[in-house]
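Trainee: I would like to go through this model one element at a time. Where do we start?

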Amino acid sequence: MSTSRQDVATLGPGWNKVLLNYALAMQALDELPIANRNSWKFLGAMHGFRRQLWIDEHVIKATDTIPTDLTNDTYGNQCQHGSWYFVSWHRAYLFAFESIVAAKVKELTGDDWALPYWNYLNSSNPDARQMPDAFLAKTLPNGAPNPLNKYPRRPGFTALQPGPNDGFSLVAMDENDFLVGNDGTLGFGGGITGNFEQFDGMTGDLEGNPHNTVHRLIGGAQGFMGNALLAGLDPIFWLHHCNIDRLWEAWMNTPGKTMVRDPRWFEGPADRRFIMPVPGGDAPGVTFTSQDTLKGGKYYRAYDDLISGTGVTPGEESVARVKMGLPNQQTIQPIGANAAVVTVGGTPAHTHIDLEPLATTKSMATMGATTPGNEVARLYLSLESVRGTAPSPLLEVYVNLPEGADPALHPDRHAGSLTLFGLNVASEPDGPHAGNGLGYTIDITDLAQRLTSAGDFDPNHLRVTLVPGEQISQDQPVTVERISVLKRSGVVS
Ligand SMILES: [Cu+2]
C-alpha cells in the first residue's frame, strides 16, 4: 500500500478506479468460503457473528461449515464498543481489511490500492452527505451485479439525512480529554475496561456521535449497517470507519487534547490478545495491543488530510469547549440520581432526579469560569445500563420539559440524542457481557445555564424526559437502569 488514504469525494464521480477496484476485490473475496480468513464473510464476522441470524439474512447457508476460530471468538465477535478500545481495535481492523483488499486488487489489476474515507461532515462540500454513486449503482460497468450494493440498507437510502434532533455533528471533537474519572466515565474515547469486552459500558463521545449516528442513518432497523452483528458486511462500513479513525488521528494531533496515558490501554486487554488476519487465507494471524495502532506501530496508517471535515486543525490549539486542566486533576462527582428504572415504549417517559442543592448551586456558580486558576464545573447526565432488543434505536433526552408539553415544540429543552448502536448485542442476557447494556453521558452545561437564565432551573431537582425515536415502540421498549447527574470539576488552564 504505497498510496495514502483519500477522501472518496476527491476520487472522481461514478466508477472511478479506486471504487471499481474495491468492487472487483469484494466480488472475489465474497466468493471465498467463510472458513477462509480473507473471505468477505470472515472479515465481516470478526465484527459480529450469530450463525442463525446470518442464515436468516441469507449471508450463509445452513450447510456452510463455520470455522472454529470464528465460533470460539478467537477472530469472531471481536469488535470493541462502549470502551476505550473502540478506537484502537477498529484501527487495526481497518488496517487488516485494507491489506487484504489491496492484495486482491494487486492480484487482479496490478494497481496499488488504499481504503478511502467518507468525509460526510465536510461543510465545504455540499455533496458530502451523498452516498458515493458506486455504492448505489445496480450494476458494475460490465453489467454484472454490483457487490457494493449487495446488502440491504435503510429503504431508499441515498444520503445521510439526519432529522433536526439526530445530533449528527463534530461536537465530540470539542472534548479535550480522552477520558476523565476512575472509570473513564466522561471523555472522547470511552470507558476503561481491563479485559476483552465486546460491548462493555461507557460510550465515548466519538463513538456516540458521529459513529453511532451514521450507522443508524445508513442502516435503520433492517439494513446491515444498523446492526453490529451484520454491519461489517456492508462495504460502506469501511469508508465510514476510516473517517472515524481519521477523526481520532486529527484529534490526537491537536494541541490541548490529552490522549490516554494508562498502561492498561497501551498494553491491553489484560486477559487475551486482539488478533487480525493477514493476506493469505490460511496464514497465521497477528496479535496486537493498542500501542501497535499509534504512530510508529505496525497498525498505523497516515491520512492525506486531517483538517477538512474534522472540526480541528492539527498544530493549532483548538478553542475548546472544555478546558479544565489535565484529566487526572479533574474530578467527577455524582450530585443526584433518579430512583427507579425508566422504560420508554411508544410514548415519552419522565423521571425525576433529586439533586444535592448545595453542590448543584456551587456547580452553577463556577460553570462559565474562564479565568485561569479558577475552579470550573460542567454538568452531565449519565444514563447507565441502557437495554433493549432493537439494533440501533434513537433515544432523545429532554430536561425540564413542562408537564404534558410536546417535546418537538421545546427544542430549548433538548439535552441530546443518543443512537444506541449495538443495544441488541449488549442486552443479550446470555451474551458475553451478561446483558449489562450500554452507558452514555450527555453534557448539559449549556442547557443548565440556559434554564438558569430563564429562571427554570431548580437546584433541588431535575426533570428528565426520554422521548422514543425510531426503533423504539411499545413492542420494542428501551429501559434505562439509572439516570444520574455528574458534576465534573477542574481548574481553568
Ligand atoms: Cu462501527
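Trainee: Which residues of helix α9 are buried?

Mentor: This is a predicted model, where local features need pLDDT of at least 70, side-chain atom pairs count only at pLDDT 80 or more, and totals for chains, interfaces and linings use all residues. Residues are numbered from 1 along each chain as its sequence is written, and side-chain values use heavy atoms, with hydrogens and water left out. Buried means under 20% relative accessible area (1.4 Å probe, protein chains only). In α9, residues 357-366, the buried ones are Ala-359, Thr-360, Ser-363, Met-364 and Thr-366.

Trainee: What do the buried residues of α9 pack against?

Mentor: Contact means heavy atoms within 4.5 Å. The partners are β3, β5, β6 (375-388), α11 (445-453) and β11.

Trainee: How many bridges join β3 to β11?

Mentor: Two strands pair if DSSP finds at least two bridges between them. Strand β3 (residues 331-337) and strand β11 (residues 478-491) run antiparallel, and Ile-332 stands opposite Arg-488 there. The number of bridges joining β3 to β11 is 6.

Trainee: In β5, which residue is the bridge partner of Ala-337?

Mentor: β3 also runs antiparallel to β5 (residues 349-355), joined by 2 bridges. The partner of Ala-337 in β5 is Asp-354.

Trainee: Is α6 roughly parallel or antiparallel to α7?

Mentor: Helix α6 (residues 205-219) and helix α7 (residues 236-252) pack at about 165 degrees, with axes 11 Å apart. Angles over 145 degrees count as roughly antiparallel. Therefore α6 and α7 are roughly antiparallel.

Note on methods: Helices (H or I, at least four residues) and strands (E, at least two) are DSSP runs, numbered from the N terminus. Axes are lines fitted to C-alpha atoms, for helices over the stretch in contact, and angles run from 0 to 180 degrees between N-to-C directions. Angles under 35 degrees count as roughly parallel, over 145 as roughly antiparallel, 65 to 115 as roughly perpendicular and the rest as oblique. Buried means under 20% relative accessible area, exposed over 50%, partly exposed in between (1.4 Å probe, protein chains only).
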